[in-house]
Amino acid sequence: QLSCLLRMVTLHGIPKDLDSYPTDLLLFLSPSDYAATGSCSQFFINIGKANVDVLPREAPRRQQLLLEALACLKIPGTQINEENAEILGRLVCDLGGEYIRSSGGSLLKDLSQCGSFLPDQEEAIRDVISSGNTTFGPPAAWSAFTLSELSGLIPVLDHSILQQIPK
């Protein structure tokens with residue numbers, strides 16, 4: 001439906017008020033199409049707010065969006081800072097384990113918004129949390145506030161991590 005709606009909206013070119021349309025619509029638009037109305041980083045800020053789960057995780061379109069976002073933000077390696085993580089929004093849910101490990105704790109808060117994880121992502125999240133080298137500190141220093149900030153990651157935590165969290 002969204003794909004069809006986008007075709008109708010863009011029938012006579014990209015409308016200047018494209019930002020006033022639902023963000024989910026942008027999932028079916030390419031950054032180069034959007035360029036007439038704004039920058040690629042603005043496009044991905046909007047995409048980051050969209051419900052990327054409209055596209056299945058394995059969908060080529062969703063994978064392409066992540067690759068285009070990384071290129072737009074000029075992220076050379078696998079390390080993503082908090083500012084870029086914020087721009088990526090829900091696209092951080094598609095980052096592989098190598099990105100999660102390299103970025104340390106800068107992705108944890110954003111990752112806690114994801115609905116599910118692949119096994120390599122889960123392992124990377126546990127590695128980062130176990131290291132204690134995050135803004136949240138080691139699990140032994142966590143508070144109820146920390147747990148609420150990372151609530152979406154609780155199902156990923158294993159017994160060895162859960163055991164360290166103060167009652």
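Because the model is predicted, local features need pLDDT of at least 70 and side-chain atom pairs count only at pLDDT 80 or more, while totals for chains, interfaces and linings use all residues. Residues are numbered from 1 along each chain as its sequence is written, and side-chain values use heavy atoms, with hydrogens and water left out.

The protein chain holds 10 helices and 0 strands, where helices (H or I, at least four residues) and strands (E, at least two) are DSSP runs numbered from the N terminus. Of the 167 residues in the protein chain, 43% are buried, a term that means under 20% relative accessible area, with exposed meaning over 50% and partly exposed lying in between (1.4 Å probe, protein chains only). Among the contacts in the protein chain with a separation of 6 or more, 51% join residues 24 or more positions apart, contact meaning heavy atoms within 4.5 Å.

On the α3 side the contact is made by Cys40, Ser41, Phe43, Phe44 and Ile47, and on the α4 side by Leu65, Glu68, Ala69 and Cys72.

Tyrosine 99 lies in helix α6 and is buried, with a relative accessible area of 15%. Leaving aside residues up to four places away in sequence, tyrosine 99 touches Leu70, Gly77, Thr78, Ile80 and Leu107. Its C-alpha is 8.7 Å from that of alanine 124, although tyrosine 99 and alanine 124 are 25 residues apart in sequence.

Serine 106 is found in the loop between α6 (97-102) and α7 (108-111), and this serine 106 is likewise buried, at a relative accessible area of 15%. A polar atom of the serine 106 side chain lies 2.8 Å from the backbone oxygen of isoleucine 80, and the backbone oxygen of serine 103 lies 2.7 Å from a polar atom of that side chain. With residues up to four places away in sequence not counted, serine 106 touches Ile80, Asn81, Glu82 and Ala85.

Terms used
A polar contact is a pair of N or O atoms within 3.5 Å; within protein, one must be able to donate a hydrogen and the other to accept it, and residues adjacent in sequence count only if both atoms are side-chain atoms.
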